[in-house]
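Subject: Structure handover

Hi there,

Here is the structure I promised to pass along.

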Amino acid sequence: MSIRSKRKEEHLNLAQMFFNKSNFNSFDQLHLLRPALPEAKVDLGVLKTKMFSKSIAAPFFINAMTGGSKKSKTINQALAQIANKEQIALALGSASILTKESEQLDSFSIARNEDPDGILIANVNPETPATEVKKIITDLAVDALQIHLNTVQEIAMPEGDRYFYWLNNIKEIRQAVDLPIIIKEVGMGLDQNSIHLLKREGIDYFDVAGSGGTNFAKIENARNQHDVSYLENLGLPTVISALMAKKENVNFIVSGGIRNPLDILKALTLGGQYVGISNVFLQQFNLHGLIGLQQLIRAWKEDLAGLIAIYGKHDLASLTEIKKYYDFSLKNQIDQLI
């Protein structure tokens with residue numbers, strides 16, 4: 001196994017080790033005002049929407065996790081089968097490894113084989129040359145591209161990059177690629193200034209990926225020979241990052257700490273068009289296999305439709321109208337930052 005593939009599998013194992021579904025995060029500080037008389041009914045059809053010109057059965061999707069190793073091939077195959085059956089989108093983990101190890105291609109391309117018509121999203125790091133990005137999106141036959149920003153993870157990573165001049169290469173990728181491009185953090189949150197800058201460069205979508213879920217600084221600290229745990233709290237809360245994206249009037253995805261259908265609803269009320277889930281789905285798969293994860297996703301669809309009904313709404317577009325209020329500590333942060 002190569003060093004890169006070994007790192008991929010270490011990340012999977014450590015994500016499982018540190019997973020805690022009951023972790024407190026900013027969604028717990030956001031509350032929605034529920035009408036006692038909603039005048040609505042539960043309808044799964046209300047969840048249907050479009051993503052990159054394709055129809056999907058729900059506004060949440062399986063966000064980027066893995067690829068580039070034997071274990072990750074098995075995971076991506078199962079995730080793609082589930083995405084196909086449940087008609088939701090799937091984002092793959094970083095495919096930048098393919099620029100060095102082309103033999104790992106099947107750990108990513110297996111997804112399109114299993115889900116020939118569904119929405120599939122590739123993921124690369126911001127240093128990947130534009131020519132290589134074009135090859136990756138062709139080889140994987142994807143509908144969109146994620147470019148992940150992960151400076152805190154890189155600093156925490158023993159073998160991580162130390163060069164963060166990424167903007168020019170992102171601009172080259174934007175010019176070379178015809179697909180929608182999503183700028184995505186990896187659990188530390190996108191700030192408003194970065195969103196504003198990248199919006200000016202023609203970026204289509206932003207995945208805020210705030211703090212509250214998988215903490216890659218914590219994962220990398222477990223692989224490090226000296227303590228960098230002080231990096232673990234540098235993240236921007238998902239709710240704040242989402243409000244920043246909304247203020248910039250961009251298309252955005254909410255991810256980072258989504259634990260249940262109520263978190264999904266809250267993310268949609270903040271203005272997110274879609275909601276990404278990674279580690280909860282990964283750990284459900286680890287514990288209960290393909291069938292268990294498919295059952296969970298199906299249950300989440302039903303529960304989300306139920307929540308939309310009890311909040312008195314009849315379509316996804318009107319969810320931003322639900323009145324929101326915040327715990328004082330989060331409201332204080334919002335007032336200072338936005």
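At what angle do helix α9 and helix α12 pack, and how far apart are their axes? In this predicted model, α9 (residues 238-247) and α12 (residues 328-337) pack at about 35°, and their axes are 10 Å apart. Axes here are lines fitted to C-alpha atoms, for helices over the stretch in contact, and angles run from 0 to 180 degrees between N-to-C directions. Helices (H or I, at least four residues) and strands (E, at least two) are DSSP runs, numbered from the N terminus.

Two housekeeping points before the rest. Residues are numbered from 1 along each chain as its sequence is written, and side-chain values use heavy atoms, with hydrogens and water left out. As the model is predicted, local features need pLDDT of at least 70 and side-chain atom pairs count only at pLDDT 80 or more, while totals for chains, interfaces and linings use all residues.

On the α9 side, V239, I240, L243 and M244 meet L330, Q333, I334 and L337 of α12 (contact means heavy atoms within 4.5 Å). That contact has seven nonpolar residues, one polar and no charged ones. Ala, Val, Leu, Ile, Met, Phe, Trp, Tyr, Cys and Pro count as nonpolar, Asp, Glu, Lys and Arg as charged, and the others, Gly among them, as polar.

Next, α2 (residues 70-86) and α11 (residues 279-310) pack at about 15°, with axes 11 Å apart. α2 is therefore roughly parallel to α11 (angles under 35 degrees count as roughly parallel, over 145 as roughly antiparallel, 65 to 115 as roughly perpendicular and the rest as oblique). This crossing of α2 and α11 is right-handed. Among the residues that meet are I75, L79 and I82 in α2 and F285, L293 and I297 in α11. By class, the contact of α2 with α11 holds nine nonpolar, two polar and four charged residues.

For α4 (residues 130-140) and α6 (residues 167-176), the angle is about 45° and the axes are 9 Å apart, so the two helices are oblique to each other. In α4, A130, V133 and K134 meet N169, E172, I173 and A176 of α6. Four of the residues in this contact are nonpolar, one is polar and two are charged.

Finally, the lining of the second largest pocket divides into ten nonpolar, four polar and two charged residues, and α7 gives the most to it, with three residues.

Happy browsing!

Terms used: Left-handed = near helix turned anticlockwise from the far one by under 90°.
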